Amino acid sequence: MLAALISAALLLASAGQAAEEPVSKQAATSAANLEEARQHAAKAKVHYDLGEFDKAAEEYILVYRLRPLPALLFNIAQSYRQAGQYEKAKQFYKAYLRENPDPQSSAAVKKALKEIDELLAKEKKTKESPPAGIREAPAEVAGGRRPAAPPGVAVPPPSAAAAASPGSQAAPATGSTSATLLPQAAGIAASQAVPAGTALAQPKPAQAPVSALPAPAVTASREAPSSSRRTWTYVLAGTSVAMLAGGALFVVKAKNIDNELLAGPHSTATADDLMSQSKSAHGVSTLLLIAGVAAGAGAGTLYFWPTSSGAAVAGRF
């Protein structure tokens with residue numbers, strides 16, 4: 001029995017050691033994974049701060065493989081969004097909503113998805129729209145015709161223009177065509193050779209058509225203002241000054257009469273006489289002032305109103 005008890009105790013001890021070994025190995029593996037995840041998370045943060053968003057997303061993906069936390073999906077989506085990879089950002093935003101259906105954070109994520117959809121639609125519209133700098137060719141160019149000449153300018157036909165320009169000859173074609181044309185040109189040159197001692201006539205430059213030459217500049221001359229107009233201007237100006245001065249005098253006179261009428265008691269006849277004088281002075285002053293203003297307006301009109309050539313009355317009062 002003692003031997004059986006000893007063997008049973010040895011078996012239990014060996015079984016306990018065998019059970020403890022997997023637990024210790026699993027704990028060591030978990031600790032190693034956690035440490036590796038922390039290292040990748042630190043690298044991802046450095047890449048994100050430096051603006052290397054693609055590398056940051058890759059590091060966050062490695063962290064998620066080691067520690068599958070929903071917050072890492074959000075970090076991956078943010079990194080891809082900053083990198084401009086909107087399709088991948090949408091994929092990880094939706095994965096975050098699926099793994100973490102929190103109403104507080106889902107509102108912000110849905111807003112980010114909406115903004116990404118708007119950006120993608122704008123990019124698609126920009127790619128599909130035609131370039132802004134290209135326009136259709138004019139009808140003359142598209143049909144092979146020459147553009148119409150401006151009115152008043154004579155355009156010679158192409159054959160006449162080519163004949164008129166001195167020294168302008170068709171350039172020889174390249175390739176096999178030039179090989180066949182060059183011997184013929186040599187023969188023509190030999191048959192038309194000029195004897196020695198003969199002076200060559202200098203070609204006269206072609207004269208441009210008369211209608212194509214620019215028209216001589218015409219200097220617009222101002223016509224001298226008429227003496228009668230100047231005289232009427234001065235007369236009206238003097239009349240305006242005289243009438244305005246007379247109106248001012250009658251205004252002063254009417255004011256004096258009013259002051260005298262209000263100064264003290266007067267008899268009925270005196271009061272009636274003063275009121276009549278005041279009324280007359282006020283009427284005359286009003287007429288003179290109106291006439292003076294009208295005469296001044298007429299003088300100003302004659303002075304500043306332009307003549308047929310654009311010149312106003314020259315002179316000073």
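In this predicted model, the axes of α2 and α3 approach to within 8 Å and cross at roughly 165 degrees. Angles over 145 degrees count as roughly antiparallel, and α2 and α3 are therefore roughly antiparallel to each other. The crossing of α2 past α3 is left-handed.

The residues that form this contact can be named on both sides. From α2 come Phe53, Ala56, Ala57, Tyr60, Ile61, Val63 and Tyr64, and these meet Leu72, Leu73, Asn75, Ile76, Ser79, Tyr80 and Gln82 of α3. Sorted by class, the contact between α2 and α3 comprises eleven nonpolar residues, three polar residues and no charged residues.

In soluble globular proteins, nonpolar side chains tend to be buried together. The largest nonpolar core of this model has 21 residues, and Tyr80, Phe92, Tyr93 and Ile116 are those with the most contacts inside it. At least two residues of this core are supplied by each of α1 (2-49), α2 (53-66), α3 (70-82), α4 (86-99) and α5 (103-128). The largest share, six residues, comes from α4.

Tyrosine 93 is among the core residues with the most contacts inside the core. When neighbours within four places in sequence are left aside, tyrosine 93 is in contact with Phe74, Ala77, Gln78, Arg81, Val109, Ala112, Leu113 and Ile116.

Leucine 244 belongs to helix α9, which covers residues 227-263. Serine 240 also lies in helix α9. The table sets out their accessibility and their contacts, not counting residues up to four places away in sequence.

| Residue | Relative accessibility | Class | Contacts |
|---|---|---|---|
| Leucine 244 | 33% | partly exposed | Leu288, Leu289, Gly292 and Val293 |

Leucine 244 and serine 285 are 41 residues apart along the chain, and their C-alpha atoms are separated by 8.7 Å.

Notes:
Residues are numbered from 1 along each chain as its sequence is written. This is a predicted model: local features need pLDDT of at least 70, side-chain atom pairs count only at pLDDT 80 or more; totals for chains, interfaces and linings use all residues. Side-chain values use heavy atoms; hydrogens and water are left out. Helices (H or I, at least four residues) and strands (E, at least two) are DSSP runs, numbered from the N terminus. Buried means under 20% relative accessible area, exposed over 50%, partly exposed in between (1.4 Å probe, protein chains only). Contact means heavy atoms within 4.5 Å. A nonpolar core is a set of buried Ala, Val, Leu, Ile, Met, Phe, Trp, Tyr and Cys residues joined through side-chain atoms within 4.5 Å. Axes are lines fitted to C-alpha atoms, for helices over the stretch in contact, and angles run from 0 to 180 degrees between N-to-C directions. Angles under 35 degrees count as roughly parallel, over 145 as roughly antiparallel, 65 to 115 as roughly perpendicular and the rest as oblique. A crossing is left-handed if the near helix is turned anticlockwise from the far one by less than a right angle, and right-handed if clockwise. Ala, Val, Leu, Ile, Met, Phe, Trp, Tyr, Cys and Pro count as nonpolar, Asp, Glu, Lys and Arg as charged, and the others, Gly among them, as polar.
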